[in-house]
Every structure is written in C-alpha cells, then in structure tokens.
Amino acid sequence: MTKRTVAILVMILCLLAAIPAMAADVFKFTDQAITVYADETVQPGIQQDGRYAEGTLVYKSASTKIFTVDETGTITGVAPGSANLTVELQQDGKTVRKATARVTVLRRVTKITTNTANLTVYEPDDPTILPLLKPVEDPENPGQTIPQANRILVLAAGKSTRLTATITPADVRNKNYTVTSSDLGVAKVSGATVTAVQAGECDLTIASQQNPEITEVFHVLVTQPVKRLQVTAPAKTVSAGGYLQLSAVVTPDNATIQGVEWSSRNEKAATVDSNGVVTGIARGNATIEAKAIDGSNVKASITLTVTQDATDITIKETDVTVATGRRAAQLHVTVLPTNTNNKNVDWYSSDESIATVRNGVITGVRAGECTVTCASQSNPAVTASIPVRVIQLVTRINVLNPKGLSFNVGENAQLEWEVLPADASIKDVTFKSRAPKIATVDANGIVTGLSKGQANIEVNAADGSGVRAVFQVNVIQPVTGIEPLPDRIFAQLYANTRVSNTTHVLPRNANNQRISWSTADPYIASINGGYAYGQQIGSTILTATTEDGGYTSSTELVVADFNHMIVNQPPQITDDNKIKLCFGNYNSQFFVKKIRFRVDCYDTMRNPMVCNTDGVSTYFTGSYPLELAPNEWTQHGRFIFDNYVETGYIGYFTVTVTGYEFDTNQKWNIPEEDQVAARSNDSSHIGEPTPTPIPTFGPDATPAPDLESSSGNG
C-alpha cells in the first residue's frame with residue numbers, strides 16, 4: 001500500500017468520525033396523522049435531532065371539544081372529529097420550533113346488530129330446528145357435545161340473501177361491515193350477499209370494518225327448501241265459537257324443514273293456533289295462511305266463512321193477556337248476539353184451542369191459559385217462552401151511588417159499582433180523578449174532598465177493554481167563621497154607608513157567602529141590603545151573621561156628619577204668590593190624620609191656570625200628614641203639595657177637602673156632591689193684561705224640577 005493510499009484512508013476515517021457531530025437539526029411528529037378513539041388515550045411520538053434534541057415541549061389542542069392533550073403529550077379523545085395538535089420546543093424560555101399533526105377522533109364500535117326481519121332465524125335450543133343440527137363436540141370433553149352457542153340462520157339452497165346490519169353507537173364514522181363464511185362450499189359471500197350453495201352447516205360472521213373485533217355470528221343451516229304448500233280443510237265454514245282443523249301438505253317430501261307457521265289475516269273473524277286449529281270468533285270471512293318456516297317464503301292460504309248462530313233469545317214481554325176474539329200486540333224478540341246470521345224464529349202455541357200465534361201476534365180463542373214459544377231457525381235448541389192468558393172482557397161498568405153526590409171539604413164518600421157481564425175474567429177496576437185539586441180517589445173508590453167544586457171520577461176496567469164510567473161529585477166548602485169587623489165603623493148622617501164590604505165569611509171560597517146585618521138601635525142607624533142609614537147622631541152596635549153556621553161579628557157603628565167634619569178657613573194667596581191653607585177638625589170626639597184636598601188655580605185674567613207638573617192640569621192635589629185632635633187646626637207650612645208647579649202669578653184659587661183618615665187608619669172619602677170648595681182672596685195682580693205663561697212641562701218635554709214637600713206654601 002502506498003503512502004498516498006494510506007493518507008486517503010486516514011482522511012476518510014476522519015470524515016466518518018466527524019459525521020455524528022454534523023447531524024441534521026430535526027423537530028417533528030413521528031406520525032403526521034394520529035388516530036384515537038373517544039374516551040381513550042394515545043401518546044404521539046416526537047423526533048428531535050441536532051440542536052433541537054433538548055428543550056421543553058409544550059402541547060396544544062386546536063379544539064378541546066374534539067380532543068385534549070396534557071403536559072406529557074398524552075392525547076384523550078373527546079368527540080368524533082379532526083383537529084390539529086401543536087407542539088412547541090422551548091429553550092431558555094423561548095419557542096424555537098413548532099410541529100403539527102392532524103388528530104382524528106373516532107367513536108369505537110360497541111355493537112353490530114343484523115336485521116333479521118326478513119330472515120329465518122331460530123334460537124339454538126328451538127325444538128323445531130334442534131333435531132336438524134349436527135352435534136357440537138365439546139373441546140374440553142372429547143366425546144361429549146355442547147349446545148350451539150349462536151343463533152341459527154336457515155337458508156334455502158340456491159337462494160341468495162343480502163344482509164344488513166346496524167352499527168352502534170349511531171355516531172360511528174365508519175359504519176361499514178364485512179361478512180365472512182367459515183365454509184364457502186356451504187355458503188359463499190359476495191360483499192353483504194350470502195348465497196346458500198348446498199345443504200350443510202357453517203358459521204357466518206358479520207364484523208365492523210373500523211373495529212373488526214366487534215362481530216355478530218350466526219350458525220348457518222342450508223336446507224332443501226319447500227317448493228310448494230297446499231292447505232286443506234274438511235269444510236269452508238266454521239261457526240263463531242267453533243273449531244276447524246286445517247292441514248298443510250309440503251312439496252317435496254324430502255324438504256329439510258316441513259313445519260309451517262299459521263296466521264289469520266282477519267283475527268276479528270277467526271284465529272288459528274300453531275297446530276292449524278281455527279277458532280271462529282265473529283261473523284265474517286277470514287283468510288288463513290300457512291308459511292314454510294325454512295326460509296323459502298313459500299305460502300298457501302284458504303278463505304273460510306265464519307257464521308254466527310243464535311246463542312240466546314229473549315222476549316221483551318213477560319206475559320200476555322188477550323181477550324177472546326182479539327189480537328194482542330206484536331211480541332218483541334231479541335236474538336243474540338246482534339250479528340247472528342239468521343235472526344228468524346218459529347212460533348208455537350202449547351194449546352191452539354186457547355190461543356194461536358202467527359209471526360209473534362197472539363189471538364185469543366177461548367178463556368184459559370197456555371204457553372207461547374219461539375225457537376231460533378239457525379239453532380232450534382235456543383228458545384224463549386211466555387205465559388198467555390185469554391180472558392172475557394168487561395162490557396159495562398155501572399156506578400150505583402145516587403146522582404148529585406155531595407159532601408164537604410175534608411169528608412169522604414165511598415163509591416159503589418158493578419162490573420158486567422157477570423162472568424168477566426177480570427173484574428178489577430181502577431179509579432182516577434179528573435180534578436185532583438178538588439177531589440182525590442184511592443184504590444178502593446173512597447173519594448176525599450179537597451176544595452170547593454165539582455170533580456169527575458173515572459172508574460176504569462183493569463182488563464184493557466177500555467170500558468169506563470164517569471161519575472160527578474160535588475165538594476162543598478162550608479163556612480168556618482167570619483172575619484172580625486173593624487173596631488169602629490163610621491156612617492154618614494142622613495145617608496147610606498156601605499158596611500157589607502167590612503167583613504167576609506171564612507174561608508173566602510165558602511159556598512154560602514150570605515151575611516145578614518142588624519143594629520142594636522135602629523133609631524140611630526137602620527140596615528138595608530148591606531148599607532147602614534144614619535138616622536141620628538150617636539152610636540149603636542152593628543152585628544154581621546153568616547147564613548151558614550151562624551157565625552157573628554160585632555162592632556160599634558158611629559153616626560155623624562163626617563162629610564162636613566173638616567172645616568176650611570178661607571184660603572189666601574199672598575203678595576209673594578204663595579198659597580196659604582188652614583183646616584180644622586170640627587169634631588169633639590175623633591182624631592183625624594192625613595187630610596186630602598184639591599186646589600184649582602186661576603190666573604190673573606180669572607181663567608183656569610196650568611199649575612201641575614204634568615203641564616196640562618189646572619189643579620193639583622195635596623195632603624196634611626199630621627194628626628189633628630178634636631177642635632184642633634192645622635199648622636202653617638206643614639202641608640204637602642203633591643204635583644204643584646209655579647208657572648206664573650195666581651189670580652185666585654179654590655181648595656176642596658176630598659177625604660181624610662181616622663186615627664184607626666180607616667179612610668173616609670167625601671162624596672163629590674158633598675164636597676165644598678173654598679175660594680181664596682184675589683191677588684194684587686188681578687186684571688194685569690199679560691196672561692200667565694203656559695209651562696212647557698208635559699209628557700214629551702223636560703220634566704219639572706223636584707220641589708220640597710211643603711214648597712214654601714200652605
């Protein structure tokens with residue numbers, strides 16, 4: 001080896017020795033794409049070389065809603081999604097380098113569920129499928145078998161089925177799944193489609209692509225399928241509540257699973273059990289279907305008619321009474337249930353010499369008793385019966401009491417009667433009062449008077465013949481007393497005063513209202529026709545006596561000149577147009593109160609003057625409400641003018657006393673022919689040419705203002 005060669009080798013060795021000291025400066029994530037599952041963690045790798053080999057690492061998540069990262073760089077998945085992860089390299093408190101990786105958070109698959117709605121699947125211990133499966137050898141105990149662990153999926157040879165599966169939870173990003181077969185000679189798989197190749201058994205696994213460890217496994221049984229079904233029945237009808245056995249014939253004979261599943265398309269009409277036994281439920285039609293249970297989807301059906309026979313019959317009427325030669329009302333029959341196909345019934349009489357029956361109408365033949373029966377035409381064993389009685393009807397009822405039967409209120413009278421003919425089957429009668437407020441009648445024909453009047457009493461035959469008798473009774477209201485006369489009655493001297501209205505018989509509705517009158521001293525007052533005539537001033541005893549019962553009432557009858565008892569001092573019209581009145585009780589014995597009077601007004605031209613609030617009348621009325629003792633005079637300013645209105649200057653007026661009241665509240669009205677008008681003086685305005693203005697108060701005008709009770713006058 002030459003020196004030159006040696007020198008070159010030495011140089012090469014020196015360069016090789018210097019290479020570590022010249023390493024590149026590197027700071028980055030080992031994986032730029034990081035995957036982590038929600039609620040799980042992962043630790044990312046960091047490559048640090050050269051001058052970035054040392055320093056403090058600070059990690060940051062771009063979205064903590066997707067993932068979080070702690071100070072050690074441990075990533076925790078929060079929710080599915082993607083976000084950047086950033087790491088900073090800090091040296092001497094300064095950030096000298098950054099690196100970024102994309103973190104994807106996935107939701108881990110927890111379950112995969114195959115949709116079996118259109119598949120034929122059995123539980124491994126189902127007695128239908130268990131005899132068709134090969135025994136499973138127990139790996140821990142050779143020579144012994146164990147139950148199949150997975151559900152059994154039955155596929156018909158030569159048929160293809162597409163499987164669909166649901167991934168749980170719903171927010172898993174990758175919802176794809178794979179299907180694999182443990183024996184492609186029995187069942188081959190293309191994507192999610194499984195094709196049954198030939199009879200045999202294998203396992204079928206459906207697994208999540210994202211999390212292949214999550215699977216669902218079926219044990220597949222490939223069978224010789226049913227090609228055809230035929231349903232046979234001994235009859236095409238079944239009654240409600242009845243039973244009918246159906247049979248299913250399977251073709252070919254060597255079909256692996258020959259069982260069928262029965263169903264009714266109208267369970268309101270008929271149901272069918274797992275053995276093909278049909279039960280009629282209600283009237284109607286029902287199609288019964290048999291479906292092969294081997295997954296071949298072969299079906300056959302038969303349509304049956306469900307009939308509803310009668311189960312019960314009721315007759316609304318509980319018994320019937322009919323007269324000879326007459327027809328009874330139509331009987332009302334109810335056949336149950338309501339949806340019975342044939343509701344017709346046949347009718348029978350136990351003795352047609354007594355009564356016959358046609359279509360539910362009974363005709364009486366002769367007096368006697370029998371039974372009428374109806375039977376269902378659809379089920380003759382169902383019947384109903386009622387007793388029938390044929391009677392001789394009543395033709396007449398005679399009331400034996402004398403006509404004009406009368407009795408007092410509160411008293412009773414017994415009716416007497418006879419029923420014809422003598423051989424009538426039912427001689428019972430009922431009673432009714434046509435005026436129950438006047439008289440009532442009980443079930444025995446006893447009439448009780450309640451109030452004055454006349455009442456017609458009906459006596460009705462109870463046999464339905466409609467025969468009746470009507471008898472009139474008179475109920476009399478007797479007099480039970482007389483109303484007391486007033487403590488005192490006043491009669492006008494030399495005039496008739498009515499006294500008949502001062503009392504009445506009791507009660508007021510008594511039949512006899514007549515009262516006779518008498519006085520103890522006819523020289524003071526005489527009585528004629530309910531009027532007392534005052535003969536001379538004084539008093540006597542007046543007596544009223546009822547004609548019925550002789551009840552009496554008496555009082556003092558006072559005779560005086562009451563029409564002129566109230567004297568009227570000359571009234572005055574004052575200079576300020578005010579009315580002044582003054583009355584005196586010109587009597588030494590009686591107190592009076594509320595003297596009533598009338599004032600007629602005349603204007604300054606001596607014409608009648610409107611002075612009433614009605615806007616029309618030329619007079620007004622008034623009263624003096626205070627009591628006046630004998631020989632006492634009224635007080636000025638205490639009079640009440642009822643409807644007076646001042647419409648202008650009054651020329652003069654007249655005042656007339658029309659009546660008054662005694663201290664006993666008895667009113668005395670002075671007859672108009674005995675009333676005396678007193679004229680006032682003439683006012684100072686008499687003769688003035690300007691007529692008194694007519695007021696505008698009237699029924700259609702604005703009403704007059706209210707006046708004080710005394711109106712400053714009187």
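**Strand pairing, aromatic contacts and cysteines in the predicted model**

Strand β27 is joined to strand β28 (residues 277-280) by three bridges, and the two strands run antiparallel; helices (H or I, at least four residues) and strands (E, at least two) are DSSP runs numbered from the N terminus, and two strands are taken to pair if DSSP finds at least two bridges between them. The model is a predicted one, in which local features need pLDDT of at least 70 and side-chain atom pairs count only at pLDDT 80 or more, whereas totals for chains, interfaces and linings use all residues. Residues are numbered from 1 along each chain as its sequence is written, and side-chain values use heavy atoms, with hydrogens and water left out.

A parallel arrangement is found for strand β40 (residues 405-408), which is joined by four bridges to strand β47 (residues 468-476). In this pairing, S406 has N474 of β47 as its bridge partner. In a regular strand the side chains alternate between the two faces of the sheet. In β40, L405 and F407 form the covered face, while S406 and N408 form the uncovered one.

A search of the whole structure finds 18 aromatic pairs, defined as rings of Phe, Tyr and Trp (its six-membered ring) with centres within 6.5 Å, counted as stacked if the planes are under 30 degrees apart, edge-to-face if over 60 and tilted otherwise. The pair F583 and F639 is edge-to-face, because the ring centres are 5.6 Å apart and the planes stand at 75 degrees. This pair links distant parts of the chain, with F583 in strand β60 (residues 583-585) and F639 in the loop between β62 (619-624) and β63 (640-641), 56 residues apart. Both F583 and F639 are buried, a term that means under 20% relative accessible area, with exposed set at over 50% and partly exposed in between (1.4 Å probe, protein chains only). F620 and F641 form a tilted pair, with 5.0 Å from centre to centre and 50 degrees between the planes; the pair links distant parts of the chain, F620 lying in strand β62 and F641 in strand β63, 21 residues apart. F620 is buried at a relative accessible area of 0%, and F641 is buried at 5%. One aromatic cluster is formed by F583, F597, F620, Y624, F639, F641 and Y644.

Charges over rings (NZ of Lys or CZ of Arg within 6 Å of the ring centre and within 35 degrees of the ring normal) include that of R598, which lies over the face of Y619 at 3.8 Å from the ring centre. The charged end of R679 likewise sits over the ring of Y652, 3.7 Å from its centre.

The search of the whole structure finds zero disulfides, a disulfide being a pair of cysteine sulfur atoms within 2.5 Å. For C370, the nearest cysteine sulfur, that of C374, is 14 Å away, and C370 is buried, with a relative accessible area of 6%. For C601, the nearest cysteine sulfur belongs to C611 and is 3.3 Å away, and C601 is in no disulfide; C601 is buried, with a relative accessible area of 1%.
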